[in-house]
Amino acid sequence: MSHHDTTAEASAAIGAALYALATRAARRLPRDMSLTSAATLATLDRTGPRRITDLAAVEGVTQPAMTTLVRVMEESGLVERRSDPSDKRVTLVCLTEAGASYVRTRRQAGVHAFERLIGELTGDEVEALVAALPALKHLAELESQDREGSRR
C-alpha cells in the first residue's frame, strides 16, 4: 500500500470519527432554540456585529429567513439592531449581553459534556488526545477559514 493510500485511509477514518462525534454532540445540545439561531449567535460572538445579508450568507439561509430569525432573537433580547457608525444607512445585528451570556453558557455546557466523556477514557487515550490537540486546533482554524472563504 502506498503512502498516499495510507494517508487517504487515515484521513477518511479520522474524518468519520470527527463527524460522528460532532453529530452526536449536536444532538445533545439543548433544544431551546434552532441550530441556525445558535450558530448565528455564535457567529456574532466570534466576528462581532454583522449585516443581515452577511449573516444569511455565513449561515447558509436566505436573507428573508435571516430577517425573521433576527426579529425573533431581537424579541427574545438576544440581539439588537444598531446603525453602522461608518454608514448610517446600514443596520448591523449585534449581540446583547443576554445573547453573549447565552453563547458562553451553551459553549460551557458543551465543554463540560466532553470533559465528562474524556473522564471515562484511559490514561493512554487522554494522552493521545493531548498529543493531538495542536492538530485539532489547526483543523478548527482551517475549517473556520474555509467556511469564511467559501461565503465571500
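Reader: Where does alanine 38 lie?

Author: Alanine 38 lies in helix α2.

Reader: Is alanine 38 buried or exposed, and why?

Author: Alanine 38 is buried, because its relative accessible area is 12% and buried means under 20%.

Reader: How far is alanine 38 from valine 103?

Author: Along the chain, alanine 38 and valine 103 are 65 residues apart, and their C-alpha atoms are separated by 7.6 Å.

Reader: Thank you. Now leucine 29: where is that found?

Author: Leucine 29 is in the loop between α1 and α2. Apart from neighbours within four places in sequence, leucine 29 is in contact with Leu35 and Arg106. Arg106 is also touched by alanine 38.

Reader: What separates leucine 29 from arginine 107?

Author: The two residues are 78 apart along the chain, with 9.7 Å between their C-alpha atoms. Arginine 107 belongs to helix α5, which covers residues 97-118. With a relative accessible area of 44%, arginine 107 is partly exposed.

Reader: And how far is arginine 107 from aspartate 45?

Author: From C-alpha to C-alpha, arginine 107 and aspartate 45 are 11 Å apart in space, and they are 62 residues apart in sequence.

Reader: What about aspartate 124: which helix holds it?

Author: Aspartate 124 is in helix α6, residues 123-149. Aspartate 124 counts as exposed because its relative accessibility is 62%, and exposed means over 50%. Between the C-alpha atoms of aspartate 124 and leucine 29 there are 28 Å, and the two residues are 95 apart in sequence.

Reader: What share of the residues counts as buried?

Author: Of the 152 residues, 24% count as buried. The accessible surface comes to about 10,300 Å², and 58% of that belongs to carbon and sulfur atoms.

Reader: Which residues have the most contacts inside the largest nonpolar core?

Author: They are Leu41, Met66, Val79 and Val93, in a core of 18 residues. The elements giving two or more residues to this core are α2, α3, α4, β2 and α5. The largest share, four residues, comes from α4.

Reader: Why would such residues gather there?

Author: In soluble globular proteins, nonpolar side chains tend to be buried together.

Reader: What does valine 79 touch?

Author: Not counting residues up to four places away in sequence, valine 79 touches several residues, including Leu41, Val70, Val93 and Thr96.

Reader: Which residues of α3 are buried?

Author: In α3, the buried residues are Ile52, Leu55, Ala56, Val58 and Glu59. Seen down the axis of α3, these residues fall within an arc of 165°, so they line one face of the helix. Just after α3 comes glycine 60, which takes a positive phi of about 75°.

Reader: Finally, what pLDDT does the chain average?

Author: The average pLDDT is 89, and 93% of the residues score at least 70. Where pLDDT is low, the predicted coordinates should not be read in detail.

Key: Residues numbered from 1 in each chain as written. Predicted model: local features only at pLDDT ≥ 70, side-chain atom pairs only at ≥ 80, totals over all residues. Heavy atoms only, no water. Buried < 20%, exposed > 50% of the residue type's maximum accessible area, 1.4 Å probe, protein only. pLDDT = per-residue confidence, 0-100. Core = buried A, V, L, I, M, F, W, Y, C linked by side-chain atoms within 4.5 Å. Contact = heavy atoms within 4.5 Å. Areas by Shrake-Rupley, 256 points an atom, 1.4 Å probe, with all protein chains shown as cover. Arc of directions from axis to C-beta.
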